[in-house]
Amino acid sequence: MRFNPFVLPFLAGTIIFFTIIIFKFYSWIHKLDKKQKYFIKKNLFTTKTLSALSEIFKEALVHRKIYKKNPLLGYMHMSLAFGWFLLIVIGKAESMVYNKTPFGEPWGGIFFRYFVTDPHSFSMQATFSFVLDFLLLIILSGVALALIKRFRSRLLGIKKTTNHRLFDKIAIMSLWWIFPFRLLAESTTAAIHHNGSFLTNSVGSILSYLPAGAMELPLWWAYSVSLFFFFICIPFSRYMHIPTEVVLILLRKYGVGAGEEYSGYSDIQINSCSRCGICIDSCQLDFTSNFNNVQSVYFIRDIRYNKLSDDVVNNCLMCGRCVEDCPVGLELTLIRQQHRNKHEIVGKHYFDYAIKEENHDDVDVVFFAGCMSHLTPGTIIAMKKIFNKAGEKFWFMDENKGLCCGRPMRQQGFVQQSKDLISKNSRMIADSKAKLLVTPCPICYKSFKEEYTLNIPVMHHSEYIEHLVKNNKLKLNKTDLSVVYHDPCELGRGTNVYEQPRNLLRKVSNLKASDFERENSLCCGSSLANTVIELDVQIKIRNHALSELTKLKPDILATACPLCKKSFVHGNKAKVMDLAEIIAENIENDSTADLKFQKNSVNELVL
Amino acid sequence: MDSWGFSIAKTRTIDIDSVDFKVLARLTDKVPSAKRCIMCGACAATCSAANFVDFSFRKTHLLFHRGQFSNISEELDKCMLCGKCKLVCLRGVNTRAIIYNLRIILNDMNYKRIAL
Amino acid sequence: MKKKNVIVIGGGPAGIEIAQILSNYSCNVTLFEKEPQVGGQIKRIDKLFPDFIVQDEMMQKLISNLEKTDIQIHTDTEIKDIEQIDNIWHLKTNKEEAFTADAVVLATGFKTFDPKYKEELGYGIYPGVITTLEFEDMLKAGKIQTSAGEEPRRIAFLNCVGSRDEKVGNHYCSRVCCINAVKQSIETKELLPNAEVFCFYMDLRMSGQFYEELYRKSQEKHGVNYIRGRISEASSTFDHRIQIKSEDTLAGLPLKMTVDLLVLMIGVEASEGTTNLSAKAGILGEYGFAKSLSLHLKDNLTKKEGLFLAGACKRPSTLREVIADARAAAFEVVNYLKMEING
Amino acid sequence: MMEKKYWKDYQREIADDDYFYHRSCIRQTFFPGSEALFLKILKNELGKNVTDDPNLHTCTGIGYHSDVVPFDTTMTIVARLLSQMNKSELKNFVPSCVTTFGLLSEVLDTWKHFPEELEKTRKFLKEATGREFKIPENVAHPSDIIYKNRKVLKGKMKYQLVNKETGNPLKVVEHIGCHYAKIFPENTTGGAEFPQVLAGMIEAWEGKVIDYPERRHCCGFGFRQYLIMANRGYSVANTKKKFESMQPYEPDFVVANCPGCAMFMDRWQYTIAEMEGITYDKNKRGIPVLTHEEMTGLLLGYNPWDLGLQVHQVQVEPLLDKIGVVYNPDDKYVGKSGIKLSEPQRPKNI
């Protein structure tokens, strides 16, 4: 058993590290609810674990998602994660080949070079040390990039990096020193025994002018101590993300999902956040009105170190842009929603007022306009016209102002009261025996789709119109007007309806693409989810989005949400129309078109 | 003689002297735009809940500013938080945030919800 | 050609402006002012709405223009009698002097309503009840304080005192008090940041340019409270503060509070000079104001040839309107007397 | 700045002599001694000629103000009272009660502005009773008369409104009946805001008038309020508001010139004490309430028990001690015939 006291810090570090994370994982898994545990038991020994392992390889080691978004950043993460992983594995392999038994000293692989100083002690030693030196070089390049990112993040294409907590700082400092110390340690040994390879021998020859013998042991000590510090900091710093993400990928593969209530799974997600700060750049609150302490990275950090304040929880548009960009794929909006539900105030229930039940079994469609659409009557009139033109019999459920769909109430965390609204509306829809529910408002649409349990299909009006056009119940004529389409958050990222509106718009106009299409569409600023920002901030967000959307000077800015429409109209930089209005203006041989859909006359618009 | 057949009528007068302005400040700190409200009633007019039940956000908001906290949380429970009022407010008051914060503030002060 | 004689009655902003303009024309201008010095009612105002310009600097500009001219100015002289005999105007002063002129300009302005008629508000009875002009005096001195010399913790402004009020016969709105109340409330909060300020209004008439923005700023930046309700009674409390009783009509509940200062936004009425001289000259309009020939086209002329009106003697006006009106009146006088501009 | 005395702008003409006294329908039950005392003062102290005609009747005030009696009936009944006065060739009508005074002002003012109403009333009276009537020359309330002769009376007084031990003036809350001052302010001494009738007396007799915020607030009588039990809560609430407002000033006693005000401010203190355990005096007792005649009589040195002070709800002994009135506590419940009557069940804390 080759031993030297300098291995002790490393050993202590690993032992402490493993005990803490095992304890933490156990407590989280234990806190999972029954359904989630059942999923784990069911899928543990199935192919799912294999596909999880492949995803772990692709994501945890290669960081494919970051690579796709930002190659340089991706390489940095890959070099550090994958490089170090290989270093450990190959190091272990080398020590196994040398000891000819898999059960050598645990630290054997790590400090091999110190203990085996004879360069020819076994056959493949040269290739092993070459590979190890090569890996060390790759890792060192990663460390260099990490240093640049920390101080000149713009060079790596990131505007902002997260500011660190104490433990993060200690961990990152120790991480930066581990591999330089290994290089120096191995090189000094190589200077004495020439047991290194291309990298360590050459550095060793440089070091030979120095008293290599005296420096050797302290450097190995430094290497071991930096490993020690890094390992003990991991559980309390952002690097907890390394072990936890592995568990997260496994659980996700097993189908464990996060519900509305906070559970152990949420803890796992929170601890998988590496606080990389990518979500800061995508947050409009940051780059239009520099709110820089509410982004998901800080929100999750505040939860983890339980100093979460109301202003942070509530100051979020819940537009989902950061969820799209998060390399670890955390359900950030859902976690935020879980926290809003925590301090729910269950008020008295008032929505039980008697609304007369109506039977509409002769009707094809229930049309639910939603509260906001009552403030954009253009959309309602257009939809009525479309229904008539398509010969669809419909019941306008909330014609004289019905109940709210319940989603805005839920977003604020008043789950119980939102359930009242949901049950009330569901009963009315069910009683009406209609066959299809259509709504022009993405917020209601997402609510009907995810929070309601209706026995009839639900369609956003874009889907429904496309359905009508497909079954040529509605024929459209094309114009040459240029149109840019804005994806409402709840329609695009919320319920990923991206193509239907575009297909329709291509049929009636020539659709141009803005720089913020589909997933990374910009929020119009009027999101109901944020109860902290005031009108002035909303205007900044809207103006920024509007200037982006009108870069190509489209004749018409189209959207498919009453809230977005109202917000953009107030910005009066472009003629804004709802999808339904545009369609209603372009129905074939329709005499009643009142030519709203035309080039905007100059005085009407202040550009 | 204990039963008089009548009791001394409670005063309906708002006594500004007894209003705790620190509580009011708790709202305006969180929602500064609340101070801009001119009580025009556009919010109450467009309110979806007001179609079904006797609820005026304008009046409830005003009663808070006058320190009459007693059944405000009662009233605000009627709100569906749909946000129409915020959209039509011509003074840019963040009405929805007022409702949300009032429910929290009054809940902290545990104003018991009196049955109407 | 013989120089014409023009008499301007009233040395307020209107009188000063029209006299100074007419002096550039071929005429002798005589200006009469019953107070010891010119300047008129506006002199008591500290800063002007809506842009807080210092009144003294502003008026000094007008007065310095006047001093540059050779106009005879008779201060401390009040015109007692006015009469036209075959289109020559004969005027008698309180010092028994007589003057004649080819044209007379009435620029006798306004006076403020004496709140003693609203006894229930306790003006003159309780020291904490003061008028808007007395409050301006305090602003000029830069120190707002109660009669006992302490800093007031809570101040209430009451609009429409003596305006829009059947009981005192002034049915009209005096136009200037609402915006003045908003201005004074802001000035109060700037001098006393943690004082509580309440404005009681029936309607807040923010009709001028920047008025509404000022109102909004007073709410948002200074936290002034606005209560729609009419203070109907003020009485003194045990600790010599003022208890006011009102109703918050938007809450539909009676309201009372104790304040340290109750500032009455007193309305505008025709000054004695305006009423007497208009009556004597036969051009008396409603509420004692002078009546112009026609509101839109001949607002500076009167029924009597050679008698012109300038400024607030016709109706409550803001300073900006008064100066513009004086310039319009000057044009009418020049036209009437067919005068050329001096070489 | 010097406090302006606006009330001086409101002066009225009060008849000097030859009074035709019209007794009140409820004052005798609330304050039995007051009216007899007033007549005694007029005759013995001031040597005035006053007639106390037994054939008089109600002025219908309470009925009219409670919407029970139509205005025509009221005018005709008032006309009958006037005709009864004309019988004794007297022209100065002196209604004991403030509501009658207010009603008379209202009726006379109506006749002044609407002569046809006057003719109508003459016709009604003629048909009903065959009587004629003339408009009185002057209508004066007893408090006017005492106010007018306050200096003369001061000369005859044994005591003054001064605290015997401390020598400081007594702090007095005066409450003028609304029907006296507020209905026709120009027809009163001092107008509606600062009526001088009682204040004049108090200041003349060395007392100090308290100007508390709710000075002009209703005393809580309010015909329709207290008549119906359902409304009675409002009536008490008003009195409570008034006492809460005057409490910091620590008044020694309240004086009023109207049956309802004196009665209710006195009785409701007991009700408030019983219902809510609140009393408004420094040492947890009530604030005594006197009618203006009782106050005058006390200072003139009459025996308190002859004035009927023992009938008051709030015991008056503390006030008598302050003024220094000599009285025999044991005679409190001795009847006219000298026999000791049974003591009423007195409230424990008023």
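Reply: **Chain C, then what chain B holds on to**

Take the contacts (heavy atoms within 4.5 Å) in chain C between residues at least 6 apart in sequence: 65% of them join residues at least 24 apart. Before going on, this is a predicted model, so local features need pLDDT of at least 70 and side-chain atom pairs 80 or more, while totals for chains, interfaces and linings use all residues. Residues count from 1 along each chain as written, chains are lettered from A and ligands numbered from 1 in written order, and side-chain values use heavy atoms, without hydrogens or water.

Of the 343 residues in chain C, 57% are buried, meaning under 20% relative accessible area with a 1.4 Å probe, protein chains only.

Now for the part to look at closely: chain B against chain A. Four pairs of chains are in contact, and A and B share the most contacts. Chain B brings 32 residues to that contact and chain A brings 36. Between them they bury about 3,000 Å², with carbon and sulfur atoms giving 62% of it; buried area here is the accessible area (1.4 Å probe) that two parts lose on being put together, summed over both. If you want to zoom in on the chain B side, go to B:Met80, B:Leu87 and B:Tyr100, which lose the most area to chain A and together make up 23% of what that side buries.

What about polar pairing across this interface? There are zero salt bridges between chain B and chain A, with the rule asking for a side-chain nitrogen of Lys or Arg within 4 Å of a carboxyl oxygen of Asp or Glu. Nine residue pairs are in polar contact there, both partners at pLDDT 80 or more. That term covers N or O atoms within 3.5 Å, one able to donate a hydrogen and the other to accept it within protein, with sequence neighbours counted only if both atoms are side-chain atoms. Helix H5 (84-88) and helix H6 (95-108) of chain B each supply at least two residues of the side facing chain A, and H6(B) gives the most to that side, with seven residues.

Chain B also meets chain D, through eight residues of its own and 15 of chain D. This pair buries about 950 Å², 77% of it on carbon and sulfur atoms. B:Trp4, B:Phe6 and B:Ile8 supply 70% of the area chain B buries against chain D, more than any other three residues. Salt bridges across B and D number zero, and the polar tally is one residue pair in contact (both at pLDDT 80 or more).

Chain A doesn't touch everyone, though. Chains A and C are not in contact, with nearest C-alpha atoms 13 Å apart, and no contact joins A and D, whose closest C-alpha atoms lie 32 Å apart.

Methods. Helices (H or I, at least four residues) and strands (E, at least two) are DSSP runs, numbered from the N terminus. Buried means under 20% relative accessible area, exposed over 50%, partly exposed in between (1.4 Å probe, protein chains only).
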